Amino acid sequence: MTGELDRPVFIVSPPRSGSSLLFRTMMQAPDVFTIGGESHALIESVPSLHPRERGWESNRLTAADATPGVVEALSVRFVAALRDRDGRRPDGPARMIEKTPKNSLRVPFLAAAFPDAWFVYLHRDPRATLSSMMEAWASGRFRTYPRLPDWPRSDWSLLLTPGWREWRHLPLPEVAARQWSTTSGILVADLEALGPERVRALSFEALVADPQAAIAALCASLGLAWDRALASPLPLSPSVVSAPRSGKWRRNEAAIERVWPIVAAEAGRAAGFAKAREV
């Protein structure tokens, strides 16, 4: 069954980095198939991949989790749900594009499950990302695990990060900072462990500055065609909490400055990695 997926492309980034915008744009490519949205429910419908079955430790998955039965079950689910931009199902091997923020903690699993998979790392200024994460938590729209055991705020938002139980009594800005830093550190290390031919990097800032050039270059690097003219600015993603504007993160500048020591080292590492792999 895995042979029905041909060089699947996984977009990975810390949450609130703009991956929804990139995904919704790339799914317009003529040779691409997607499930139409994020794969949270699809992936976690495989019982062993749900964090509930792992004592709610986190969304982390490794190559050891990519057993033949799990890979088969996941592949069947993906293939059954795939459609192209015109709603057609694949009639042969399909170039799937997938985007789910939790997959930033699952790169070793995905790389083992789909040995011909490619990964697109979307990098965004961590200040903007942290501000958006704080906004997402406060909005209540991104609750991934309602009534999470051992979490005093009851509902957990965004991806479930290793070490989360140690953050139970921290203020929200610090929770978001540790969530970003932990995710980014794991993600960059996992991508560094892959061969460079399997990883592409794109700057969110470059994407919004010149969508046509950024998407055309990215698709070309992935062996995908591109045949549409893009508006600039791109249409807003449904996951936007408040209207974007230049420097919007400054509304949370004081909180970000307080937690910056938590993220500074990983912010520098992420920027360097993105620069080295950029399309």
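The largest nonpolar core of this predicted model has 36 residues, of which L74, F78, F109, F114, F119, Y121 and L191 touch the most other members. Such a core is a set of buried Ala, Val, Leu, Ile, Met, Phe, Trp, Tyr and Cys residues joined through side-chain atoms within 4.5 Å; buried means under 20% relative accessible area, exposed over 50%, and partly exposed in between, with a 1.4 Å probe and protein chains only. Two or more residues each come from strand 1, helix 2 (40–44), helix 3 (68–81), helix 4 (107–113), strand 4 (118–123), helix 6 (172–193), strand 7 (199–203) and helix 9. Helices (H or I, at least four residues) and strands (E, at least two) are DSSP runs, numbered from the N terminus. Apart from this core lies another, of 29 residues, including A136, A255, I256 and V259.

Leaving aside residues up to four places away in sequence, Y121 is in contact (heavy atoms within 4.5 Å) with V12, P14, L187, V188, L191, R200, A201, L202, A270, F273 and A274.

Some backbone details are also worth a look. R7, in the segment before strand 1 (9–12), has a positive phi of about 45° without being a glycine, and is partly exposed at 29% relative accessible area. R16, in the loop between strand 1 and helix 1 (19–26), likewise has a positive phi, near 65°, but is buried at 14%. In the loop between helix 8 (211–221) and helix 9 (253–277), the peptide bond from S232 to P233 is cis, with omega near 5°.

Residues are numbered from 1 along each chain as its sequence is written, and side-chain values use heavy atoms, leaving out hydrogens and water. Local features need pLDDT of at least 70 and side-chain atom pairs count only at pLDDT 80 or more, while totals for chains, interfaces and linings use all residues.
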